[in-house]
Amino acid sequence: MAKPATARSSADLAVEEAVRAVRVTTRRRQLLDAAVKVMERTGFHQMSMQALAEEAQVSVGLFYKYFGGKEEILLAAIVDILEAFRDQLQPAMDRAGDDPVEQLIAGFRQYATIVDENRDAVVLTYRESRTLDAAGRERIKELEVETSAPMRAAVTAGIEAGLILDVDADLVVFDLMMLAHGWALKHWHFAPGYDLDRYVSAQLRFALQSLVVEDALPTYLARL
């Protein structure tokens, strides 16, 4: 009879640990969202821990429980969005099937969707990443390379399959990433005339005409 009780106790502990992990993740997300809003208004250097606490409606001490200081908060905010790109691109591309061009299209759409969900954080990354120390900047570079890997693989596979022209895959992928970032960086300009879907389709039409071989191009353009 004792063993079932022990098993139940272990299960209860596992559930409690899972609940705690969710709470920590949720609280951390709340704090980072508040930090992004404050930095968007004031810039990193003018940001105070008190302003962060007021925005998040928590104590200053709670921020210090999760982060060591302003620099750590900035790095965490930037890393958070880069990890979203890294973690979500490959699954989205896998769902597109085996065609490398369709995978590339799906990857760009997912990338732009994440940009749209984190527009303030994307702008913040461009504006404030230079503030990070050398180790922080190196971490950002590493994550950007990791992020680009799935789309780079799709371009390479497309070249090998004869569907994509013989291009520099690395250059192409970073160009596509910049086009997606443009939705955040120039949202003030594009938003009156475009929603996200129209922006993505327009950029894909532009990009695919420079990438896909002539015979295959009409098929992909017709699907946008």
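Q: Taking buried as under 20% relative accessible area, exposed as over 50% and partly exposed as in between (1.4 Å probe, protein chains only), is leucine 132 buried or exposed?
A: This is a predicted model, in which local features need pLDDT of at least 70, side-chain atom pairs count only at pLDDT 80 or more, and totals for chains, interfaces and linings use all residues. Residues are numbered from 1 along each chain as its sequence is written, and side-chain values use heavy atoms, with hydrogens and water left out. Leucine 132 sits in the loop between α6 and α7, where helices (H or I, at least four residues) and strands (E, at least two) are DSSP runs numbered from the N terminus. Its relative accessible area is 6%, so leucine 132 is buried.

Q: How far apart in space are leucine 132 and leucine 75, C-alpha to C-alpha?
A: Contact here means heavy atoms within 4.5 Å. Neighbours within four places in sequence aside, leucine 132 is in contact with Glu71, Leu74, Leu75, Ile78, Arg137 and Ile140. Leucine 75 is 57 residues away from leucine 132 in sequence, yet the C-alpha to C-alpha distance is 7.0 Å.

Q: Which residue forms a salt bridge with glutamate 83?
A: A salt bridge is a side-chain nitrogen of Lys or Arg within 4 Å of a carboxyl oxygen of Asp or Glu, and the whole structure holds eleven of them. One of these joins glutamate 83 in helix α4 (residues 70-94) to a residue in helix α7 (residues 134-160), 56 residues apart. The closest N and O atoms are 3.7 Å apart, and the partner is arginine 139.

Q: What is the N to O distance in the salt bridge between aspartate 87 and arginine 86?
A: Aspartate 87 is partly exposed, because its relative accessibility is 47%. Arginine 86 is partly exposed too, at 27%. Their side chains meet at an N to O distance of 2.9 Å.

Q: Which residues are linked in a network of salt bridges?
A: Aspartate 116 and arginine 119 form a salt bridge, with closest N and O atoms 2.9 Å apart. The network is made of other residues, and its members are Arg29, Asp33 and Asp80.

Q: Are the rings of phenylalanine 85 and tyrosine 111 stacked or edge-to-face?
A: Rings of Phe, Tyr and Trp (its six-membered ring) pair if their centres lie within 6.5 Å; planes under 30 degrees apart count as stacked, over 60 as edge-to-face and the rest as tilted. The search of the whole structure finds five aromatic pairs. The rings of phenylalanine 85 and tyrosine 111 have centres 4.0 Å apart and planes at 5 degrees, so the pair is stacked.

Q: Which helices does the pair of phenylalanine 85 and tyrosine 111 link?
A: Phenylalanine 85 is buried, with a relative accessible area of 2%, and tyrosine 111 is buried, also at 2%. The two residues are 26 residues apart and link distant parts of the chain, namely helices α4 and α5.

Q: What is the volume of the largest pocket?
A: On a 1 Å grid over the protein atoms alone, a pocket is an open set of points where a 1.4 Å probe fits, with protein on both sides within 12 Å along at least five of seven lines; lining residues have an atom within 4 Å of a point. Grid points are joined across faces, edges and corners, and a volume is the space filled by probe spheres set on the points. The volume of the largest pocket is about 310 Å³.

Q: Which residues lie nearest the centre of the largest pocket?
A: Helices α4, α6 (119-128), α7 and α8 (169-185) each supply at least two residues of its lining. The lining divides into ten nonpolar (Ala, Val, Leu, Ile, Met, Phe, Trp, Tyr, Cys and Pro), four charged (Asp, Glu, Lys and Arg) and three polar residues (the others, Gly among them). Of the 17 lining residues, those nearest the centre are Thr125, Tyr126, Ser129, Ile140 and Glu144.

Q: What is the phi of glutamine 57?
A: Most residues other than glycine have a negative phi. Glutamine 57 lies in the loop between α2 (49-56) and α3 (60-66), and it is exposed because its relative accessible area is 74%. Although glutamine 57 is not a glycine, its phi is positive, at about 60 degrees.
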